Amino acid sequence: MLWITRFAGLFSAAMAVIVLSPSLQSFPPAAAIRSSPSPIFRKAPAVFNNGDECLSSGGVCNPSLVHVAITLDVEYLRGSIAAVNSILQHSVCPESVFFHFIAVSEETNLLESLVRSVFPGLKFNIYDFAPETVRGLISSSVRQALEQPLNYARSYLADLLEPCVNRVIYLDSDLVVVDDIAKLWKTSLGSRIIGAPEYCHANFTKYFTGGFWSEERFSGTFRGRKPCYFNTGVMVIDLKKWRRGGYTKRIEKWMEIQRRERIYELGSLPPFLLVFAGHVAPISHRWNQHGLGGDNVRGSCRDLHPGPVSLLHWSGSGKPWIRLDSKRPCPLDALWTPYDLYRHSH
């Protein structure tokens with residue numbers, strides 16, 4: 001496959017880290033983060049400087065900035081830190097990337113201090129996301145992780161971020177970027193609100209219940225559209241158009257229907273499909289090689305799709321840091337390790 005040549009050197013080096021590391025440990029919960037006598041993450045290498053070809057950058061409203069939104073959750077924090085590290089390492093203009101971190105209210109101060117200690121000089125803001133915003137709208141899902149309020153924060157970026165931020169790249173916490181993020185930023189959305197890699201070969205009907213498809217008042221929402229599955233872990237969002245069209249309310253409407261009628265099983269994804277599927281600006285699949293998490297219960301490991309790779313995404317049950325720490329990694333988990341800054345992992 002094409003990716004083998006590109007990643008051969010990185011894969012070999014990362015596997016050496018896995019084999020030689022004497023004490024891979026599980027990532028600690030919130031209590032351990034608060035009580036730890038020493039930093040749990042190493043400071044990132046101080047090599048993230050703009051090149052001569054980069055435009056000058058300033059505060060959050062500077063139009064030359066690339067805006068990236070990521071949630072910070074103590075359970076996925078190791079992944080979020082690795083994602084940021086990967087973006088900075090591969091960016092031609094790292095000082096021109098502005099990060100927008102979303103965290104639940106009671107953890108923002110702790111997480112802000114931690115990020116500043118790991119990435120000195122990083123341009124970022126951290127935003128309080130109150131769980132009460134969505135708690136009354138969330139219904140049970142196939143996995144408990146999908147029911148966490150922070151999983152729904154992506155629907156509220158237009159409200160959380162500064163009004164001057166008109167476009168943002170939303171990224172999940174279980175991925176690494178191996179290309180210049182500015183390339184994704186420059187994606188043309190045309191008249192669309194969001195852009196994402198689409199997968200039109202996927203069986204779209206499985207994302208909703210039989211009751212949904214049998215009721216015209218529900219299934220009729222796709223009339224005149226050619227809906228395709230897209231993964232909401234990587235999206236380019238036009239926040240200006242989102243605000244103007246009131247798209248947060250449109251998503252909330254479907255969540256309210258779900259609470260009453262049970263029309264889907266998969267957390268925050270189906271409302272996005274209901275509102276946007278068939279109206280998505282397509283982005284190259286290289287920007288979301290997803291599904292690498294596979295099924296952690298059965299221990300399945302996934303391979304990359306054929307073609308070039310700009311972003312590796314461990315969507316699914318299995319997360320690379322958990323499998324690495326349990327000494328049961330999948331082969332592709334080695335491609336995540338070079339970006340891991342957890343202090344006890346090397």
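The questions below concern a predicted model of one chain.

Q: What makes up the secondary structure of the chain?
A: The secondary structure consists of 13 helices and 11 strands.

Q: Why is G51 called partly exposed?
A: The relative accessible area of G51 is 28%. Buried means under 20% and exposed means over 50%, with partly exposed in between. The value of 28% lies between these cut-offs, so G51 is called partly exposed.

Q: Where does G51 lie, and how far is G51 from S91 in space?
A: G51 is in the loop between helix 2 (30-35) and strand 1 (66-71). From C-alpha to C-alpha, G51 and S91 are 9.9 Å apart, while in sequence they are 40 residues apart.

Q: Why is helix 12 described as largely enclosed by the rest of the structure?
A: Helix 12 covers residues 269-276, and eight of its eight residues are buried, so the helix is largely enclosed. The buried residues are L269, P270, P271, F272, L273, L274, V275 and F276.

Q: What do the buried residues of helix 12 pack against?
A: Their partners are strand 6 (194-196), helix 8 (210-214), strand 8 (229-230), strand 9 (234-238), helix 10 (239-245) and helix 11 (247-261). Contact here means heavy atoms within 4.5 Å.

Q: Which residue just after helix 12 takes a positive phi?
A: G278 does, with a phi of about 95 degrees.

Q: How much of the chain counts as buried, and what does the chain expose?
A: Of its 346 residues, 55% count as buried. The chain exposes about 15,000 Å², and carbon and sulfur atoms supply 53% of that area.

Notes: Residues are numbered from 1 along each chain as its sequence is written. This is a predicted model: local features need pLDDT of at least 70, side-chain atom pairs count only at pLDDT 80 or more; totals for chains, interfaces and linings use all residues. Side-chain values use heavy atoms; hydrogens and water are left out. Buried means under 20% relative accessible area, exposed over 50%, partly exposed in between (1.4 Å probe, protein chains only). Helices (H or I, at least four residues) and strands (E, at least two) are DSSP runs, numbered from the N terminus. Accessible areas come from the Shrake-Rupley method with a 1.4 Å probe; for residues, only the protein chains shown count as cover.
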